[in-house]
Amino acid sequence: MTHFKESGVVDLDTLARMGYVPSEERLRRGPVAIYECVEEIPCNVCVFSCPFNAVTKNKITDLPKIDFSKCTGCGVCVGRCPGLAIFVVDVSREGDVGYVTLPHELLPAPSKGSEVLLLDREGREVGRGTVTKVYRDKITRSWVVTLSVPKDLVMVVRAIRVIK
Amino acid sequence: MGDRRIRSHPILEFKRGREITIFFEGEPLRAFEGESLAAAIYAAGIDVFRLSPTLKRPRAVFCMVGKCGSCMVRVNGIPTRSCITPAEDGMRVERINDLPEASKYEKRLVSEEITTDVLIVGGGPAGMASAEVLCNTDLNVVLVDDQIRLGGQLIKQTHIFFGSKELFAGRRGFEIAEEYSSKLSKCSNMRIISGATVVGVFKEGVLAVSDEAKYLIRPKYVVIATGAYENHLVFENNDLPGVMGAGGAQTLMNVWGVKPGNEVLVVGSGNVGLIISYQLLQAGAEVKAVVEALPRIGGWFVHAAKIRRYGVPILTSHTILGVNGTRRVEEAVIARVDENWNVVGGTERFVKVDTVLLAVGLTPNTELVRQFGAATRYIPDLGGLVPLKTPYMETSVENVFVAGDLAAIEEATTAFIEGWIAGYSILIKARGEREEYLTKRENLLRMLYEYRSAPVSEKIRRSWQLSLLPCGGVNA
């Protein structure tokens, strides 16, 4: 695999190695945050944003450590992360539908019920989804968008294009 | 000619002044009072601002912060850098197609002499941070800034800041600038002079000049926070309108709400290159590619991932060879380079773009600090020629301090910390070694050290020592 600093794209193995992929059992239990913060950045916005103290850092430059037993998948960190590098996935419901929550800062504005193109980490169209929930973070003003997507795409979809 | 103004933006709201009319070469153009004149001209679809004096090549905006002179026009008969001149109703603007004349400047000047405790040169993060420390103390402070709005480059930063809570993490730069600007305007001991350039140090004092006045300032302490200017790059036709500094494009787009172009090539994948690419997408432009001569992305991965997920390619081991076009860029030529930076033959390709943005680093603005007589050293990792200073930010000239990009090319966060350190150092010198000031300064030094401990700051860490004077060892 090409290194993420060559491609600008991170793969699941790298995320797993860094402790960012929860167990199957945890994923089945309900929504949970997926951090794609793979570089040591002097930043701790996620640490002080988390209402459940599920994210910790010893030094400000450490990679964040997520305690998946404390993370409720509430998504507060999604709208706050300066790197737009946090997502929430939910595969806990029966059937083929999963949910991805992601930060969004492009027009057209998403609204509940909007149909969107689903994009992967390289901007390739991988399908279509529907916005099930959207709000603007009160500090950053980024949209935090929850989408229903095919269940097998929750670890693939990382951006959207709202269809007018 | 279309209107290049951004109508709607996902994050920004552009607060424009009253609608006015300016005249460019006799043609009426719509503008908004108080906005950058250059932005108004560019917004109206005008590509050529002037011709070069000798070869008569077209020139247009490049830096948008008054550093390059590329946007110089005649306004009501007087040669003017249009980017840092606020638009006024009825302004008559003409191209300058030869050398500008100097004589008319003097007639407009009224002079004022100012004696002050502290002079701060530069209203960016570093200068504002020093001012904040000195706000409402018993020291008189004069802050001189050459821009229309206070805040330095923060006013165009629309992305969310990294860092820790006390260092504005999670906030957007332009919001921090607005907050500081309003806070400083309320300081009882502070005079802010905007739109004035400090042009030099003379026997009689420090000379600052604006369109209306000249100021001769005699300070006891000086903080020089003059920032940096954007580097250019050598390639064929690199002076063609449409080739712009990435920072210049940011000012145009994020401060004045004018789209720099529709199809853009970004050169350089450092944080500036990656961030501008994302901001172009937000403004509704298409980014055809980011080219990077090195085999790896220069900036933070998260900034790269943000544009990759919208399909923007980052072409590592690629460079720009040239641009073509008559009145502005119409296409760019890019090619692959090998590990020795040589172009690989046969890999040239043409990319249809109307704009090429250069994000190839910055150079510290050391002219003024050198005029003060401060010792400097050439340290490439810090951005080139930089002033030597103590850990407390004092230069080799006693009572002359530096802070921010001028001291080393870093970022807003470290500029703030250095500015605060310089502010406390002045308080300590002027008011004695009070426990409170000393503790605050030590904490800031520790914060700076921690911030620079990230792997991305390796170059700064490695070279910082080279720029240090021995503590207290001024008057070298």
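# A tour of chain B

Start by selecting Gly173(B), which lies in helix α4 of chain B, residues 173-185. This is a predicted model. Gly173(B) counts as buried because its relative accessibility is 0%, under the 20% cut-off. Now show what surrounds Gly173(B). Beyond its neighbours within four places in sequence, Gly173(B) is in contact with Leu154(B), Gln157(B), His159(B) and Phe161(B). Then pick Thr197(B). Thr197(B) is 24 residues from Gly173(B) along the chain, and their C-alpha atoms are separated by 24 Å.

**Confidence**

Colour chain B by pLDDT. Its mean is 94, and 97% of the residues of chain B reach 70 or more. For the model, ipTM is 0.97 and pTM is 0.94.

**Helix α3**

Next, select residues 125-134 of chain B. This is helix α3, and it is mostly covered: 9 of its 10 residues are buried. Which residues of α3(B) are buried? They are Pro125(B), Ala126(B), Gly127(B), Met128(B), Ala129(B), Ser130(B), Ala131(B), Val133(B) and Leu134(B).

The buried residues of α3(B) pack against strands β8 (110-121), β9 (141-144), β10 (190-193) and β13 (213-224) of chain B, and against helices α4 and α9 (412-431) of chain B. So the tour's opening helix, α4, which holds Gly173(B), is also among the partners of α3(B). Step past the end of α3(B) to Asn136(B). Asn136(B) follows the helix and has a positive phi, near 60°.

**Domains**

Zoom out and colour chain B by domain. Domain 1 covers 19-106, domain 2 covers 112-229 + 364-472, and domain 3 covers 243-362. Hide domain 2 for a moment. Taken over C-alpha atoms, the centres of domain 1 of chain B and domain 3 of chain B are 26 Å apart. Each of these two domains brings 15 residues to the contact between them.

About 1,200 Å² is buried between domain 1 and domain 3 of chain B, and carbon and sulfur atoms give 64% of that area. Select Tyr42(B), Phe62(B) and Met64(B). These residues supply 45% of what domain 1 of chain B buries against domain 3 of chain B, more than any other three residues.

Now look for charge. Domain 1 and domain 3 of chain B share 1 salt bridge. On the domain 1 side, helix α1 (residues 37-43) of chain B gives the largest share of the touching residues, 3 of them.

**The interface with chain A**

Bring chain A into view. Here 39 residues of chain B are in contact with 46 residues of chain A. The two chains bury about 3,600 Å² between them, with 59% from carbon and sulfur atoms. Select Phe301(B), Arg309(B) and Tyr310(B). They supply 24% of the area that chain B buries against chain A, more than any other three residues.

Chain B and chain A have 2 salt bridges between them.

Finish with the helices. On the side of chain B that touches chain A, α6 (271-282), α7 (301-308) and α10 (435-451) of chain B each give two or more residues.

How values were computed. Residues numbered from 1 in each chain as written. Chains lettered and ligands numbered in written order. Predicted model: local features only at pLDDT ≥ 70, side-chain atom pairs only at ≥ 80, totals over all residues. Heavy atoms only, no water. Helix = DSSP H or I, 4+ residues; strand = E, 2+ residues; numbered from the N terminus. Buried < 20%, exposed > 50% of the residue type's maximum accessible area, 1.4 Å probe, protein only. Contact = heavy atoms within 4.5 Å. pLDDT = per-residue confidence, 0-100. Domains from an automatic or database assignment. Buried area = accessible area lost by both parts, 1.4 Å probe. Salt bridge = Lys/Arg side-chain N within 4 Å of Asp/Glu carboxyl O.
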